[in-house]
Amino acid sequence: MHKKTIKDRSLDLFIYLFLLLMGVVTLLPIATVLSKAVSDESAVISGKVGIFPVGFQLQTMKYVISSSQFLTSIGISILVMIVGTVLAIALTALTAYPLSKRNLPGISFIMLLFIFTMLFNGGIIPNYLLMKELHLINSLWSLILPALISVFNMLVIKSYYESLPESLEESAKIDGASNFTILFRIVIPLSGPVLATIALFYAVYYWNDYFNPMLYINDAGLKPLQLYLRDIVMDADSSSALNKSADDMMNASPEGVRSATVIASIIPMLLVYPYLQKHFVKGVLIGSVKG
Amino acid sequence: MSMIRAELEQQTAQMKTKSISKGRWKLFRNNYDLYLLLIPGLIFLLLFKYAPMYGIIIAFQDFNIFDGFIGSKWVGLDQFEKLIHSEEFYQVFNNTLLISFYKIILLFPIPIIIALFLNEVRRAVFKKTIQTIIFLPHFLSWVIISGLFMNILSPSGGVVNHVIEWLGGTPISFFLDNHFFRSVVVFTAGWKESGWNAIIFIAAIAGIEQEQYEAASIDGAGRIRQMINITLPGILPTIILIFILRLGYLLEAGTEQILTMYNSVVYSSGDVIGTFVYRQGLGQQDYSFSTAVGLFNSVVGLILIVSGNELSKRLIKRSIW
């Protein structure tokens with residue numbers, strides 16, 4: 001242990017303060033909206049609420065969470081997320097396996113076809129017209145199908161497959177195992193952690209996606225959470241959903257209801273965040289080793 | 001003599017290619033099940049990635065939904081001529097470049113600084129807490145983030161305007177003011193991703209050999225010196241790679257972000273290529289023109305990213321793909 005010089009100490013102070021500031025700036029917007037969501041309506045309207053709640057109450061939160069539109073949109077988001085994630089991870093993991101056999105004829109060409117789609121795409125309108133042709137407008141499949149394979153995610157899984165020791169597959173082959181048996185009995189069980197991480201990538205993608213719903217869903221009963229929230233946030237004054245919910249509730253200001261809706265939409269993510277963070281960081285690191 | 005030799009060489013070469021193609025055929029036959037496994041993925045690829053690329057042909061048509069892809073009138077490059085003569089497009093192009101440049105200049109260094117500073121923190125609990133907090137916004141959708149910032153920046157009851165009033169200023173409608181809208185876009189983008197983007201640099205720093213620091217320490221180099229002379233050069237290849245990658249997305253100024261934030265009042269400062277395509281296409285149903293704008297965007301993007309990759313190969317011998 002060497003003694004800390006004054007220079008070192010002031011450097012430390014600067015660094016700690018800088019990082020602390022980063023943390024505070026990150027939390028402040030969430031904290032102030034949260035305090036509005038749980039403050040007394042009259043305090044919200046008169047603009048007395050700052051970082052800390054004034055006249056704590058949970059009525060507005062309760063009201064927002066129990067509104068049928070909110071519950072429906074949460075249900076749709078969960079449905080899309082589960083079905084989407086299961087299908088996406090299955091398709092991605094299966095497609096990545098043949099692509100990891102680079103010595104097979106034609107594989108490098110097919111790989112090129114996949115990679116090209118990372119660099120170039122048809123764009124919004126051709127995608128919209130495709131969905132129209134497929135009669136998927138106002139179908140939840142329009143949210144699930146276009147995102148089934150993310151090439152980036154597939155590359156992560158592929159490079160993980162490639163990193164598995166070849167001897168494992170070779171000895172199984174000598175024992176007469178088919179490619180399918182090797183994939184399902186050896187490769188996939190060994191890839192558990194990376195598959196779990198990528199599944200989380202897909203789950204967060206489906207949960208947060210509002211762009212596809214905005215393009216393809218206009219049936220109010222099929223709107224997932226993000227789109228429902230967008231209606232409330234964007235059309236602050238004209239939103240029928242908001243006006244109705246504010247009317248229904250005696251003392252609620254639109255401001256209070258809006259804050260509570262934003263907070264209610266963050267809660268599911270906050271609940272799983274500690275778990276997500278750990279796995280996501282790992283996933284980014286696996287991806288960057290290759291990249 | 002030499003003729004016979006040439007002939008022999010030719011024959012062996014032929015036999016070689018024959019046996020290679022025979023070997024490839026055998027490889028294909030023995031692994032036909034792996035190719036079967038590819039079929040669902042290829043169907044996905046053709047239907048959802050390449051079919052829309054085929055749809056780009058409507059950029060060269062005067063497309064209407066009743067005549068379809070085959071029946072619509074071909075107009076050659078008329079849509080692109082319209083694009084070149086559209087003043088609105090120049091405005092949008094200008095906005096896109098400005099927002100992108102601001103984002104790159106102001107936001108690119110922040111994750112690097114965060115990573116460098118986190119590396120200096122010895123208290124594990126503090127380090128972990130800060131990381132957990134600053135990674136969080138990455139997991140929130142743009143809709144939620146717009147909701148948060150519209151709330152705190154609101155001219156009626158927003159915390160920021162309270163502070164401005166308290167300091168004696170007049171409230172600002174950040175989301176309705178062309179002087180401030182771009183700043184809001186840049187700031188919220190930084191708020192969402194600065195912490196998360198530090199991960200890649202944190203990982204790069206972890207890869208630097210510890211002996212270098214020990215040697216420098218013995219030589220009497222202070223911590224600031226070590227940061228500048230060891231850590232920064234150590235992660236320089238990563239910085240260059242990420243920077244080049246970032247430049248490749250110059251024309252993507254944040255379509256999904258701006259779509260949750262803007263309104264007709266701030267089109268003149270906040271409308272970017274992506275949002276313009278969305279409005280022209282799905283709002284005005286001008287399918288052909290907006291596809292042409294989208295195609296322009298995609299082609300420039302492709303050129304940028306491919307040349308960026310070439311540059312990265314030459315500069316740091318690393319390829320993006």
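Contact means that heavy atoms lie within 4.5 Å of each other. Helices are DSSP runs of H or I with at least four residues, numbered from the N terminus. Both terms are needed for the helices below.

This is a predicted model, in which local features need pLDDT of at least 70, side-chain atom pairs count only at pLDDT 80 or more, and totals for chains, interfaces and linings use all residues. Residues are numbered from 1 along each chain as its sequence is written, chains are lettered from A in the order in which they are written, and side-chain values use heavy atoms, with hydrogens and water left out.

**Confidence**

pLDDT is the predictor's confidence in each residue, from 0 to 100. Chain B has a mean pLDDT of 90. In that chain, 93% of residues reach 70 or more. For the complex, the predictor gives an ipTM of 0.89 and a pTM of 0.88. Where pLDDT is low, the predicted coordinates should not be read in detail.

**The interface**

Chain A places 89 residues in contact with 97 residues of chain B. The area buried between the two chains is about 8,300 Å². Buried area here is the accessible area (1.4 Å probe) that two parts lose on being put together, summed over both. Carbon and sulfur atoms give 77% of it.

**Helix α12 of chain B**

This helix covers residues 223-248 and has 26 residues. From first C-alpha to last it reaches 35 Å, close to the 38 Å expected at 1.5 Å a residue. The expected span is 1.5 Å times one less than the number of residues. The helix bends by about 45° at B:Leu236. The bend is the angle between axes fitted to the seven residues ending there and the seven starting there. A proline, B:Pro237, follows within four residues.

Several residues of α12(B) are buried, among them B:Arg223, B:Met227, B:Ile230 and B:Ile244. Buried means under 20% relative accessible area, exposed over 50%, and partly exposed in between (1.4 Å probe, protein chains only). What covers the buried residues of α12(B)? The cover includes α1 (6-37) of chain A. From chain B it includes α6 (109-120), α10 (181-206), α11 (210-218) and α16 (287-316).

**Salt bridges**

A salt bridge is a side-chain nitrogen of Lys or Arg within 4 Å of a carboxyl oxygen of Asp or Glu. The count over all chains comes to 13. Two salt bridges cross the interface of chain A and chain B. The table gives some of the pairs.

| Pair | N to O distance |
|---|---|
| B:Arg223 and A:Asp12 | 2.9 Å |
| B:Arg223 and A:Asp8 | 3.8 Å |
| A:Glu169 and A:Lys101 | 2.8 Å |
| A:Glu162 and A:Arg102 | 3.4 Å |

B:Arg223 forms a salt bridge with A:Asp8. B:Arg223 lies in α12 of chain B and A:Asp8 in α1 of chain A, so this pair joins two chains. Both residues are buried. A network of salt bridges links A:Asp8, A:Asp12, B:Glu120 and B:Arg223.

Other pairs lie within chain A. A:Glu169 forms a salt bridge with A:Lys101. A:Glu169 is in helix α9 (residues 166-174), A:Lys101 is in the loop between α4 (68-99) and α5 (107-119), and they are 68 residues apart. A:Glu169 and A:Lys101 are buried.

A:Glu162 forms a salt bridge with A:Arg102. A:Glu162 sits in helix α8 and A:Arg102 in the loop between α4 and α5, so the pair ties together parts 60 residues apart in sequence. A:Glu162 is partly exposed, with a relative accessible area of 26%. A:Arg102 counts as exposed, at 54% relative accessibility.

**Helix α15 of chain B**

Helix α15 (residues 273-283) of chain B is mostly covered. Ten of its eleven residues are buried, including B:Phe276, B:Tyr278 and B:Arg279. Its cover includes α6 (124-133) and α12 (211-216) of chain A. Among the covering helices of chain B are α5 (87-107), α13 (255-259) and α14 (267-270). B:Gln285 follows α15(B), and its phi is positive, near 60°.

A:Lys158 lies in helix α8 (residues 151-163) of chain A. Is A:Lys158 buried or exposed? A:Lys158 is buried, with a relative accessible area of 7%. Leaving out residues up to four places away in sequence, A:Lys158 touches A:Ala96, A:Leu99, A:Ser100, A:Arg102 and A:Met111.

B:Ile172 is in the loop between α9 (159-166) and α10 of chain B. B:Ile172 is buried, at 17% relative accessible area. Beyond its neighbours within four places, its contacts include B:Leu153, B:Pro155 and B:Phe180. The C-alpha atoms of B:Ile172 and B:Leu153 are separated by 8.1 Å.
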